[in-house]
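This briefing goes through selected features of the structure shown below.

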Amino acid sequence: MTQAMRIEGGMVDRERTLAFSWNGRWMTGYQGDTLASALLANGERLVGRSFKYHRPRGIFSSGSEEPSALVQLRDGAAQEPNTRATTVELFDGLYATSQNHRGPLAFDLMAVNDLLSPFLAAGFYYKTFMWPKAFWERVYEPLIRASAGLGRLSMQPDPDAYDHGFLHCDLLVIGAGPAGLSAALAASRSGLRVILVDEDFVPGGRLSAETHEVGGQAGADWVAEATAELAANGNVRLMTRTTAFGAFDHGIYGAIERRTDHLVDAEDRPRQVLWRIYTRRALLAAGATERSMAFGNNDRPGIMLAGAVRAYVNRFGVAPGRRVAVFTNNDDGLRTADDLSDKGIEITAVVDARQGDVVEDTIGRRGIRAIRLGDGRRIDADCLAVSGGWSPNVHLTCHHRGRPVWNAEVVGFVPGGELPPGMSVAGAANGTMTLAATIREGHGAGAEIAGDLGAGGSPGTPVEAVDESFAAAPFWHVTGLRNRAWVDLQNDVTTKDVRQSHQEGFRSVEHLKRYTTLGMATDQGRTANVLGLALMAEAAGKSIEETGTTIFRPPYTPVAIGAFGGRARGEHFRPHRLTPSHKWAEENGADFVEAGMWLRAQWFKKPGEKGWRDSVDREASQVRKSVGICDVTTLGKIDIQGRDAAEFLNRVYANAFLKLPVGKVRYGLMLREDGICYDDGTTARLSESHFVMTTTTANAVLVFRNLEFARQCLWPDLDVHLISTTDGWAQFAIAGPNSRALLAKVVDDLDLSNDAFPFMACAKCSVFGGTPARLFRISFSGELAYEIAVPARFGDSMIRALMKTGEEFDAVPYGTEALGVLRIEKGHVAGNEITGQTTARMLGLGSMLSSSKDAIGLRLSKRDAMNADDGMRLAGFRPVDRSVILTAGAHFLNPGDPADMAHDQGWMTSVAYSPELGISVGLGFLKRGTERMGETVRAYSPVRDQDVLVEVCSPHHVDPDGVRQRG
Amino acid sequence: MDEITLEAAPVLGGANLEISGNRIVERDDLAIVSIATPLDGQDALAEALRNGWSLDVPDPTRSTLSGEVRAIRTSPDQMLLIFPHATPDAEATVQDRLAGTGYTTDQTDSWIVLEVAGPDTLSAMERVCPLDVPSFEIGGTGRTVMEHMGAMAIRTGDDSFLLLSASSSAVSFLHAVETSYRNVT
Amino acid sequence: MIIDHPLLGPRDAAEFVVLGDASLIDRPDGMTATVEEMHDYAYLRDNPAGDHRELWYHEQGDRSWLVVTRSTLTHEVIKVELARNVARAQGRSR
């Protein structure tokens with residue numbers, strides 16, 4: 001079969017034949033076809049099965065409003081279900097299959113549902129699957145899941161690439177039909193920067209589908225002329241295949257551009273681009289969507305919107321039938337008969353509801369064969385063109401909750417209420433239903449917006465056209481039907497469902513929608529909603545105006561989730577920050593852990609080590625025995641300068657900073673204003689007016705933000721300035737008894753003796769013969785320790801040089817796990833303890849809180865409840881049975897007490913196996929913990945299935961007097 | 001023991017990519033020094049800039065250029081000087097000419113600088129930069145977020161920009177910029 | 001969402017971090033304030049239906065804290081000021 005239904009004319013390129021596969025059969029179409037027009041050209045009328053009743057369904061429309069012709073496109077991982085055949089641009093090698101049937105499309109086994117239809121009406125699920133309760137999970141849900149949905153997902157990762165992007169314009173025109181093109185011409189001639197988007201792959205809107213003349217030439221010729229003018233204007237971007245799907249705050253629009261869907265080979269370029277369009281103004285010129293009427297068996301393949309029939313004939317050169325009947329309630333529908341007659345297609349009947357004639361029923365199994373009129377006559381027809389009037393495409397006007405209003409003349413809802421700020425509407429979307437008026441309105445809107453925005457150029461004059469007759473009657477459905485009449489084709493909602501929902505008391509349109517699912521399918525009921533509302537109004541004895549309408553939300557048409565994800569997938573899901581020693585660490589067996597965006601080495605595996613504990617125990621032991629080196633670049637570093645820098649620090653730290661001498665470092669504790677600790681770190685004074693603050697890795701951004709807040713909002717006239725230097729310095733902790741000896745070989749000309757460079761000293765210096773550096777004598781491990789920083793460009797060279805120099809001391813690199821072991825052994829608090837719920841007193845740092853100054857959080861930290869003597873206190877814990885490995889998160893209970901919250905005594909925050917002590921040790925909060933040294937309590941962890949006795953001890957498991965770090 | 005000296009290494013190893021006639025180059029020859037304006041010290045600093053480099057204090061969205069020295073504003077009271085300089089003493093050279101009229105911090109190692117140029121540059125920028133860079137004049141600057149990374153864009157020509165982002169995420173930043181070019185060419 | 005930065009022009013909200021009620025500028029002096037005053041400052045916020053003055057931080061921009069007057073009913077941004085100037089105008093200094 002070779003395109004038996006193809007006729008003369010249209011905009012397809014007959015020189016370019018394209019082969020495509022439909023349900024495994026190869027067919028041909030032309031460049032410029034949609035899958036729908038190509039299927040029709042090949043005489044394929046039955047293209048799918050309906051959602052609920054598995055009724056045979058065909059192609060109903062010619063655009064994105066399509067409720068029925070939903071197909072699976074492509075195969076394998078790239079398979080995309082529920083694709084509208086009416087919007088799929090045909091390409092060579094296109095592969096599509098029908099969906100929602102078991103067995104062949106023509107003999108769907110699930111079609112039995114159609115015979116069960118009396119039981120599948122609105123609310124069926126709610127009523128039927130209630131009882132017995134136990135059946136829900138075991139029987140009903142699997143049953144429903146198996147039969148629900150239309151297409152099938154591939155269940156494989158989407159192999160296609162997506163991207164996103166940002167565009168800016170003065171005016172975004174949505175829709176490149178006569179109104180949109182006219183507006184874009186006027187606005188661009190005036191000098192505005194214009195973006196014109198259209199979901200179709202050719203501009204022109206209805207002009208492509210109709211035989212109207214514009215400016216004395218064929219509509220399509222005028223479209224070509226207009227787009228050529230727009231293309232020549234450097235300020236216009238015409239984007240076809242682009243759907244503006246949402247109107248967001250402050251003039252931001254979302255649009256999805258299909259870049260390569262129509263190409264045989266995308267060559268790995270993104271399939272679709274999600275655009276965020278920043279606009280000063282927007283003009284909605286999205287046209288209107290035709291709707292059907294309700295009559296018996298009005299869903300058979302071959303029953304099609306009249307405007308779609310004209311589109312297939314005029315634009316695509318395809319006859320949707322050989323003998324076509326027309327059923328209309330307006331003049332627009334009559335034009336269908338004229339257009340088809342001109343092409344030599346036989347018109348078997350024109351049934352005009354305004355004259356009292358109706359189609360009562362249709363006949364046919366897998367497609368319509370005949371219609372039965374109200375007077376009983378049967379008339380042959382293999383296609384029925386239906387026009388129930390046109391509904392303005394008001395969708396985007398609703399996205400800020402603007403409610404459309406009923407317009408009796410248009411017989412449809414037109415934009416109403418408050419539109420999104422900056423949006424105006426022109427053409428059929430605004431209820432302006434005739435061509436010349438649409439063009440004038442579009443042109444006028446473009447010119448007016450240009451004037452509003454101060455563009456000085458001349459918009460020119462609108463192109464001439466005629467106003468075709470448009471006289472619609474509010475005729476919705478045929479009465480007294482014996483057979484079912486469909487309202488919402490995609491969700492299989494019938495007139496009976498609408499009436500039943502009313503009878504059952506669902507009186508609000510919002511309830512009607514949710515009870516019947518009318519308009520809740522992927523087409524958002526574009527061809528169905530108004531008909532449903534009219535039926536509901538009638539059942540309630542009210543006007544449509546009184547009944548009101550549901551509104552639309554983004555997206556206007558479905559957008560692939562992949563497009564929202566864009567390129568953020570796999571290893572590029574989010575950026576990574578790498579430390580200066582990253583490359584060296586990779587070469588040396590490092591296993592990395594994500595810490596925020598940072599990748600940090602958590603341990604360095606040596607040959608023969610069987611698990612992470614082997615590596616971590618070795619690293620921690622070697623630090624205490626000799627010396628270890630750890631990249632601590634990730635700690636936040638903030639350069640603080642100014643005449644008032646010391647005063648500023650004194651107000652943001654809870655402990656005193658005003659008198660920190662130059663050349664010294666101090667540990668500082670930061671509180672939130674409510675008195676709770678939120679970060680700690682060290683700050684070094686490099687000169688009278690110059691400090692370097694460190695923060696925890698996790699809070700670097702937050703601390704900087706809070707410091708800026710304090711500087712700008714609280715004390716705007718302090719002379720203090722901040723800049724982050726986190727990335728600028730490669731900083732290494734060098735810890736262990738041999739750290740001084742190692743550093744002596746690294747640092748140039750600096751006396752490192754304990755007297756000259758004591759604990760908490762700092763200095764600018766140089767290393768390895770002249771590279772500038774900063775040295776800080778601080779210790780997180782409790783050992784004699786330093787941190788040395790060099791400009792990051794030297795970081796890779798520095799770690800290699802340090803390791804080489806450290807060979808004679810068997811220096812080890814250590815990762816974040818060993819770092820954690822060392823600080824737990826030492827009893828230094830970290831994120832597990834500073835949780836945003838703990839006070840300085842709980843942390844054992846209560847004596848740091850100054851009582852002689854104001855600083856953020858100090859006032860509220862003094863509240864009685866936060867200083868109660870029976871509060872939680874940091875303590876150390878060791879298992880009574882020394883072989884037990886403790887678990888963090890365990891709660892403490894007094895022996896003999898029941899395990900409930902009423903008897904809770906605290907919780908374990910951090911645990912580690914201590915290679916130094918040869919046992920598992922913990923830190924935690926215990927009620928009056930500091931007074932309970934030597935007591936035994938239960939550490940109870942039901943989630944880890946552990947219940948052990950632990951001994952309360954000092955949190956400083958190692959070197960409680962701090963001799964080593966001062967040595 | 002052998003004498004060890006440290007060697008500076010560009011973060012991206014001196015990346016230099018050609019993508020369909022466009023070029024992405026890591027500029028590791030540029031030093032960056034921040035200058036903060038002391039409270040009530042605007043006039044003295046402006047004079048020092050003029051005397052030291054013949055530079056005007058830049059407007060918030062524009063950079064100023066004098067020879068090869070560029071100044072861009074990063075905050076109401078802070079700017080960056082960007083200039084070719086090889087050794088890690090850029091701050092001292094700036095402070096020499098400022099003579100205490102501004103607080104300086106060496107930022108060279110904090111940033112990665114990519115120079116991007118070529119006919120598809122504006123199209124590529126659309127995919128990564130939320131700012132309206134096509135309407136930037138030459139010299140126009142903006143600081144924003146690109147692919148979750150803080151970044152600055154400086155328009156240096158019709159089809160060329162300097163892009164700055166944090167040096168620790170340089171690999172991800174290069175990937176973001178490179179992907180943007182690949183997706184439009 | 002767009003915030004019209006007083007120095008930089010319209011910028012996408014993605015560049016900003018919001019803190020909330022601009023009353024956080026009015027921090028009492030911790031040496032003289034009562035616990036109740038400090039408590040009210042730290043915890044109490046108005047929740048107006050209408051114009052709301054909020055603190056936004058241009059984290060991915062020029063690091064300015066801004067006072068944005070925004071209608072909670074329409075989401076319209078009515079006014080944007082540098083918080084530093086607002087703080088000074090409200091008498092805050094050193």
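A:Ser766 sits in strand β41 of chain A, which covers residues 762–767. The model is predicted.

**A:Ser766 and its surroundings**

- A:Ser766 counts as buried because its relative accessibility is 19%, and the cut-off for buried is under 20%.
- The side chain of A:Ser766 makes a polar contact of 2.6 Å with the side chain of A:Asp748.
- Apart from neighbours within four places in sequence, A:Ser766 touches A:Val746, A:Val747 and A:Asp748, as well as A:Thr771, A:Pro772 and A:Ala773.

**A sheet of chain A**

- Three strands of chain A form an open sheet in the order β30-β32-β31, and the pairing is mixed.
- Strands β30 (577–578) and β31 (590–595) of chain A are the edge strands, each pairing on one side only.
- The pairing of β30(A) with strand β32 (residues 598–604) of chain A is parallel and runs over 2 bridges.
- A:Arg577 has A:Trp598 as its bridge partner in β32(A).

**Salt bridges**

- Over all chains, the whole structure has 74 salt bridges.
- One of them joins the side chains of A:Glu44 and A:Arg25, at 2.9 Å from N to O.
- A:Glu44 is in the loop between α1 (35–41) and β3 (48–49) of chain A, and A:Arg25 is in strand β2 (residues 25–31) of chain A, so this pair ties together parts 19 residues apart in sequence.
- Within this pair, A:Glu44 counts as buried at 12% relative accessibility, whereas A:Arg25 counts as partly exposed at 41%.
- A:Glu510 and A:Arg403 form another salt bridge, with their closest N and O atoms 3.9 Å apart.
- Because A:Glu510 lies in helix α11 (residues 509–516) of chain A and A:Arg403 in the loop between β24 (390–392) and β25 (405–407) of chain A, the pair ties together parts that are 107 residues apart in sequence.
- A:Glu510 is partly exposed, with a relative accessible area of 24%, and A:Arg403 counts as partly exposed at 36% relative accessibility.
- In the salt bridge between A:Glu951 and A:Arg882, the closest N and O atoms are 3.8 Å apart.
- A:Glu951 belongs to strand β50 (residues 946–953) of chain A and A:Arg882 to the loop between β45 (872–879) and β46 (891–893) of chain A, so the parts tied together are 69 residues apart in sequence.
- A:Glu951 counts as partly exposed at 27% relative accessibility, and A:Arg882 counts as partly exposed at 39%.
- A:Arg206, A:Glu210, A:Arg310, A:Asp332 and A:Arg335 are joined into one network by salt bridges that share partners.

**Interface of chain C and chain B**

- Chain C contributes 12 residues to the contact and chain B contributes 13 residues.
- The two chains bury about 1000 Å² between them, of which 53% is on carbon and sulfur atoms.
- C:Leu7, C:Arg11 and C:Gln60 account for 39% of the area that chain C buries against chain B, more than any other three residues.
- Across this interface there is 1 salt bridge; B:Asp77 and C:Arg84 form a salt bridge whose closest N and O atoms are 3.2 Å apart.
- The side of chain C that touches chain B consists of 3 nonpolar, 3 polar and 6 charged residues.

Technical notes: Residues are numbered from 1 along each chain as its sequence is written. Chains are lettered from A and ligands numbered from 1 in the order in which they are written. This is a predicted model: local features need pLDDT of at least 70, side-chain atom pairs count only at pLDDT 80 or more; totals for chains, interfaces and linings use all residues. Side-chain values use heavy atoms; hydrogens and water are left out. Contact means heavy atoms within 4.5 Å. Buried area is the accessible area (1.4 Å probe) that two parts lose on being put together, summed over both. A salt bridge is a side-chain nitrogen of Lys or Arg within 4 Å of a carboxyl oxygen of Asp or Glu. Ala, Val, Leu, Ile, Met, Phe, Trp, Tyr, Cys and Pro count as nonpolar, Asp, Glu, Lys and Arg as charged, and the others, Gly among them, as polar. Two strands pair if DSSP finds at least two bridges between them. Helices (H or I, at least four residues) and strands (E, at least two) are DSSP runs, numbered from the N terminus. Buried means under 20% relative accessible area, exposed over 50%, partly exposed in between (1.4 Å probe, protein chains only). A polar contact is a pair of N or O atoms within 3.5 Å; within protein, one must be able to donate a hydrogen and the other to accept it, and residues adjacent in sequence count only if both atoms are side-chain atoms.
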